[in-house]
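Please read this briefing with the sequence and the model side by side, taking the topics one after another.

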Amino acid sequence: MTTEKTPAKKQKPAAFIFGARPESLTADVKFTSITGAEVDMACEFVYRDREEFGAFWDEIADAKLPELPEGEKFTFERLAKEGIEFSVDRTMKFLKGWPLDLKFCRENVLRMFREEPAAPAAFWEAYRAACAEGRLGNSKPQ
């Protein structure tokens, strides 16, 4: 009598492992530049799970632009400056890096947001989608 051994089935690796929290995640930031060029860059973001992201969004939603000092006149220039500063401060709390030849620092994010009006919303939307909806497109895991 002969006994035949059946080959063992290979197990697929788990699609996820509970408790294996990543430090960061990568998502594509896409926007149309002021020059009309399409920008598409994979950026590194701070990982937050859905509850942490909800708390972060609450923090941002509760933020207020500074009020005008007594007697100062409203100007659109001031509104734009404070709005850009707010966007940069918010972005520096969730963006960890970018694939540009420019050093990733507050000064360069500020410069980009001043010169590229679509950039602040594009960074926020990429981060929001990654945290709230999961990985999209061809983003590479960290």
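Helices (H or I, at least four residues) and strands (E, at least two) are DSSP runs, and they are numbered from the N terminus. On that basis the protein chain, read along its sequence, follows the pattern β-β-α-α-β-α-α, which comes to four helices and three strands. This is a predicted model, in which local features need pLDDT of at least 70 and side-chain atom pairs count only at pLDDT 80 or more, while totals for chains, interfaces and linings use all residues. Residues are numbered from 1 along each chain as its sequence is written, and side-chain values use heavy atoms, with hydrogens and water left out.

**The chain as a whole**

- Of the 142 residues of the protein chain, 30% count as buried, where buried means under 20% relative accessible area, exposed over 50% and partly exposed in between, with a 1.4 Å probe and protein chains only.
- Contact means heavy atoms within 4.5 Å, and among the contacts between residues at least 6 apart in sequence, 58% join residues at least 24 apart.

**The sheet**

- Three strands make an open sheet in the order S1-S2-S3, with antiparallel pairing; two strands pair if DSSP finds at least two bridges between them.
- Strand S1 (24-32) and strand S3 (95-97) stand at the edges with a single partner strand each, so one side of each is left without a neighbour in the sheet.
- From one strand to the next the twist averages 50°, given that axes are lines fitted to C-alpha atoms, for helices over the stretch in contact, and that angles run from 0 to 180 degrees between N-to-C directions.
- S1 is joined to S2 by nine bridges, the two strands running antiparallel, and lysine 30 has aspartate 40 in S2 as its bridge partner.
- S1 and S2 form a hairpin with five residues between them, and in the turn glycine 36 has a positive phi of about 95°.
- Strand S2 (residues 38-46) and S3, which also run antiparallel, are joined by two bridges, and here phenylalanine 45 stands opposite leucine 95 in S3.
- Helix H4 (residues 119-133) packs on the sheet, where it touches S1, S2 and S3, and its direction makes about 140° with that of S1.

**Helix H3 and its neighbours**

- Asn108, Val109, Leu110, Met112 and Phe113 are buried in helix H3 (residues 106-115), and the buried residues of H3 pack against S2, helix H2 (76-92) and H4.
- H2 and H3 pack at an angle of about 135°, with their axes 10 Å apart.
- That angle makes H2 oblique to H3, because angles under 35 degrees count as roughly parallel, over 145 as roughly antiparallel, 65 to 115 as roughly perpendicular and the rest as oblique.
- The contact is made by Ile84, Glu85, Ser87, Val88, Asp89, Thr91 and Met92 of H2 together with Arg106, Val109, Leu110, Phe113 and Arg114 of H3.

**Helices H1 and H4**

- Helix H1 (residues 50-62) packs with H4 at an angle of about 145°, and their axes are 9 Å apart.
- On the H1 side the contact is made by Arg50, Phe53, Phe56, Trp57 and Ile60, and on the H4 side by Trp124, Tyr127, Arg128, Cys131 and Ala132.
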